[in-house]
Amino acid sequence: MDPVADLELRSVDLQTPKNNKDHHTQEMGVKHLILRRGQAFNIRLNFNRPFQPRKDHITFVAETGPKPTELLGTQAIFSFNQTQTQHGNVWSTSDFILDSNSLQVSIFSSASAVIGHYMLKLEISQGQGHSATYPVGAFILLFNPWSPEDDVYLPSEILLQEYIMSDYGFVYKGNKSAITSWPWNYGQFEEGILDICFEILNKSLYFLMNPSKDCSQRNNVVYVCRVVSAMINSNDDNGVLQGNWGEDYSTGISPLEWNGSVAILRQWSASGGQPVKYGQCWVFASVMCTVMRCLGVPTRVVSNFRSAHSMDGNLTIDTYYDQNAEMLPTQKPDKVWNFHVWNECWMIRNDLPPGYNGWQVLDPTPQQTSSGMFCCGPASVRAVREGDVHLDYDTSLVFAEVNADEVIWLLEKGQAQEILAHDTSSIGKEISTKMVASDHRQDITNSYKYPEGSPEERSVFMKASRTLLGPQRASSSLLDLLGSGEFEDPPVRLQLHLARTPEWGQDVLFILHVQTVPDRAHTQAPIRLLVHFCAQALLHGGGARPPLWRQMVDLNVDVGKEIQSLLLLPYSNYREKLTDEKQIRVSGIAKVEGTGRNILVLKDFCLQPPRLTIEVSEKAVVGKILRVHITLTNTLTVALANCVMVLEGSGLLSGQISENFGTLSPGHTIKVHLELYPIKAGPRQLQVLISSNEVKEIKGYKRIFVAEATTS
């Protein structure tokens, strides 16, 4: 071969398996080169003759997006340099190895590079102004939480395994007194999901309006998070999910019947971007968790129990009852969700003053607009805790969700007659997320606010109130109400307790506990109480259906004494009256004879479905048979009609397995025996959902560790 012949590129080895492993993307496969920014990757270039560093001049060009330019940051041009060192915010080369006609070179991408699909090209200068350009290959560039120079850097391998690499988790639902864990398959490493994540970005209104500008801003994690938050819902665009908070899901799938994100994302993509029906908050947040983990942003799912939505920004939520203890509908847009689910993403906030880095709230559920789009966040969790509600983005909304005060009114003839309760601590309870490296729940309430009733908590609340309401305290009675002191304690205290675990299909037994308060009783004579009780099915959005049960109790309580009274809510009263979530509120209003006082007592609860069991009979190994045994006994007094079982679990099976079992009579048992062939090693989660006409969510899961296949 002529040593002075023009240098020509003959072939390229992108070394995809090794690079993907080094960049923690091997779970996404080895068909494509998938890299994380701010980290070196190696390629081997094969030429027609030996590369001569002093005579041959080569330049690399990396491009992404439409009409890439250096000015927009969507094009990087960098020369091969033997002595160049790696720099965080520039593309560079280093650590080359010459071997005959091949050159192995290490390329270092900028830690602030735009994420996306790239094409890498090689330009060889031939002298006298002549040059030749060769395609080297395509790669995908993601955020890099392993890189100290990336804005999403998370300096803990345990946390990275949880918030980037784990492809399953839990959503916490129910109510604050009976929290249930709902297994979810995030599946961010499943076939095609990464491409769908970029398809989501490319269908956003920002991209459609100005593709080049949108792509140029994809180096900014704050920007990308806001785009994804808007695109998970479909209120402004052809986003992934259509919300439905009604009770008719006949034209789609009930939010309760999803097992994971993969089926939703694949359906959205396969339909050309038509919103998938239907989602509610936990579905929106879980799908966003899949997308953000896939793109390389540490993300977790968070549940807030008794979550306020204060549309008027006055940090109070008003609830109304009549004298018969019925919770009344209101025309006000404010509401208290039984629970609400959002995301936290980990990042540096270069757009905020120092001190607000770390976890940031992102909420893809379309509650209200932010800068004209239905999205929310990122709002710094620390800013929420400190009441810094003026900071971007949507911090005031999140602050109200966890801190608003609840004022409960007694309504007579359409007029508010009496404040039954002013509760400063009923909102924002048991804020929960999955514990790291565990299947248990972690309470993170203290990350969002100081302990209820503490001087710090009230001080922060007042600080936020004055910021939102202005120094004149105009148009709000909130601060006057707070400044008026505590309400006078009533002469008796009432509490409602469940006598046993409430199960769907069974009567519900309560105990009313009545205790007099001697210092508040202005007489030694027995205190007479006339208590009206009402039970209503709770809607997820905080409202209630019409009463399904009423009862009145007449009690006489001696001063200094305690009494108990049993109450029975028959199954026949609620059988046809509940929503699919099967939540009930029992409320009671006691009229204290001779005082004009009314006392409110409340009890929310969820009716528990039958439980299923999942067992595996041997050690799980990649490619080896794994026998799974699923059992469900109908412990109810009624039959479960149209029972359908759906199995899902990334790394354990491809897609879903579905089977219809018809009707399961009372006392009868379904036994299912399946054979799986695990696909990937490591910790995995098998999710099982059995739904029926009567009970939509009988869920179970099994954590399974899959070992690598041994080679003989």
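Predicted model: local features only at pLDDT ≥ 70, side-chain atom pairs only at ≥ 80, totals over all residues.
Lys121 and Glu63 form a salt bridge in which the closest N and O atoms lie 3.2 Å apart.

I turn now to the domains. The domain assignment divides the chain into domain 1 (9–142), domain 2 (157–467), domain 3 (492–606) and domain 4 (612–706). My concern today is the interface of domain 1 and domain 2.

Taken over C-alpha atoms, the centres of domain 1 and domain 2 are 39 Å apart. Contact involves 21 residues of domain 1 and 18 residues of domain 2. How much area do domain 1 and domain 2 bury between them? The figure is about 1700 Å², and 66% of it is on carbon and sulfur atoms. Within domain 1, the residues that lose the most area to domain 2 are Glu27, Met28 and Ile115, which together account for 30% of what that side buries.

Between domain 1 and domain 2 the count is 1 salt bridge. Lys31 and Glu191 form a salt bridge, with 3.9 Å between the closest N and O atoms; that distance falls within the 4 Å cut-off.

Which strands supply at least two residues each to the side of domain 1 that touches domain 2? They are β2 (33–36), β8 (116–127) and β9 (130–142). Of the elements on this side, β9 gives the most, with 3 residues. By class, the side of domain 1 that touches domain 2 comprises 10 nonpolar, 6 polar and 5 charged residues.

Finally, the aromatic pairs, of which the structure holds 22. One of them is formed by Phe51 and Phe80. Their ring centres are 5.4 Å apart and their planes stand at 80°, so the pair is edge-to-face. This pair, too, links distant parts of the chain. Phe51 sits in the loop between β3 (40–47) and β4 (57–64), whereas Phe80 sits in the loop between β5 (75–79) and β6 (92–99), 29 residues apart.

Terms used. Residues numbered from 1 in each chain as written. Heavy atoms only, no water. Domains from an automatic or database assignment. Contact = heavy atoms within 4.5 Å. Buried area = accessible area lost by both parts, 1.4 Å probe. Salt bridge = Lys/Arg side-chain N within 4 Å of Asp/Glu carboxyl O. Polar contact = N/O pair within 3.5 Å; in protein donor to acceptor, adjacent residues only side chain to side chain. Helix = DSSP H or I, 4+ residues; strand = E, 2+ residues; numbered from the N terminus. Nonpolar A, V, L, I, M, F, W, Y, C, P; charged D, E, K, R; others polar. Phe/Tyr/Trp six-rings, centres within 6.5 Å; stacked < 30°, edge-to-face > 60°.
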